[in-house]
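These are my notebook entries on a structure that I looked up feature by feature. The entries follow the order in which I examined them.

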Amino acid sequence: MSVHRLCPLFSPRCVAGCDEVGRGPLAGPVVAAAVILQPAFYQTSLRHALRDSKCLTPKQRTVVAMRFIRAASAVKPLLLYGLAVVPADVIDALNIRQASLLAMRCAVAQLPVVPSLVCVDGRDALEGLPSQPLIKGDGFHPAIQAASILAKVARDGLMDLWARRYPGYGFEQHKGYGTAQHLKALHAKGVTPLHRHSFGPVREALLKRHRDAA
């Protein structure tokens, strides 16, 4: 399905795709990306790399993301992108839905041009922006697919860095999701500044620590 058919009143060069990664984990930020694909993008082999990020292996995602970043840095950029990171304490303050929407609005604000329309993966429009939610948009909308790849690679990279700062939690493996390994480490080693206190398993681990210390 083309952007023209989805958004017939706008030129493709003015339409951004936006997606976020990291709603479900117990630890780490939510990361969003916004992407505008230039018309020339579709004349290159890069168009064949567009997928929902979940359909690519970690190695494939990294390779594609690096190609996108190089294309954005060219003299005549083939795409424009913005990234935004919303940390765990803000997620706790707002709730994960509102934090995800904040991350996407901030990612759009990082774009070097103002889009005429933002096509957003999911059910929510972005307050204060001309936007169109597209359920499962990462499965068919090219700019959302590019955004999903950039956001996923950015977030995974952050979790890999923090795995060295907080060893023993396995962040480099599960990226903050609530795996058995993560839950075991959470109860054995305690809660880090990366953890989302408003999420049930983290809250339970904090309560257990308080009970044990009493």
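**Aromatic residues**

I looked up F41 and found it buried, as its relative accessible area is 0%; buried means under 20% relative accessible area, exposed over 50% and partly exposed in between, with a 1.4 Å probe and protein chains only. Y42, at 29%, is partly exposed.

Rings of Phe, Tyr and Trp (its six-membered ring) pair if their centres lie within 6.5 Å; planes under 30 degrees apart count as stacked, over 60 as edge-to-face and the rest as tilted. F41 and Y42 form an edge-to-face pair, because their ring planes stand at 80°, with the centres 5.6 Å apart. The pair of Y169 and F171 is stacked, with 5° between the planes and 5.4 Å from centre to centre. I noted Y169 as buried at 5% relative accessibility, and F171 as buried at 0%. F41 and Y42 also belong to one aromatic cluster with F68.

**Basis of the entries**

The model is predicted: local features require pLDDT of at least 70 and side-chain atom pairs pLDDT 80 or more, while totals for chains, interfaces and linings use all residues. Residues are numbered from 1 along each chain as its sequence is written, and side-chain values use heavy atoms, with hydrogens and water left out.

**H174**

I located H174 in helix 6, residues 171–174; helices (H or I, at least four residues) and strands (E, at least two) are DSSP runs numbered from the N terminus. H174 is buried, at 7% relative accessibility. Its side chain reaches the backbone nitrogen of G176 at 2.9 Å. Apart from neighbours within four places in sequence, H174 is in contact (heavy atoms within 4.5 Å) with Y169, T179, Q181 and H182.

I traced an open sheet of five strands in the order 3-2-1-4-5, with mixed pairing; two strands pair if DSSP finds at least two bridges between them. Strand 3 (79–86) and strand 5 (131–134) are at the edges, each with a single partner strand, so one side of each has no neighbour in the sheet. From one strand to the next, the twist averages 20°.

Strand 1 (residues 15–21) pairs with strand 2 (residues 30–37) in the antiparallel sense over five bridges. In this pairing, G17 stands opposite V35 of strand 2.

Finally, I recorded that helix 4 (residues 96–109) lies across strands 1, 2, 3 and 4 (117–121) and runs at about 35° to strand 2. Axes are lines fitted to C-alpha atoms, for helices over the stretch in contact, and angles run from 0 to 180 degrees between N-to-C directions.

How values were computed. Polar contact = N/O pair within 3.5 Å; in protein donor to acceptor, adjacent residues only side chain to side chain.
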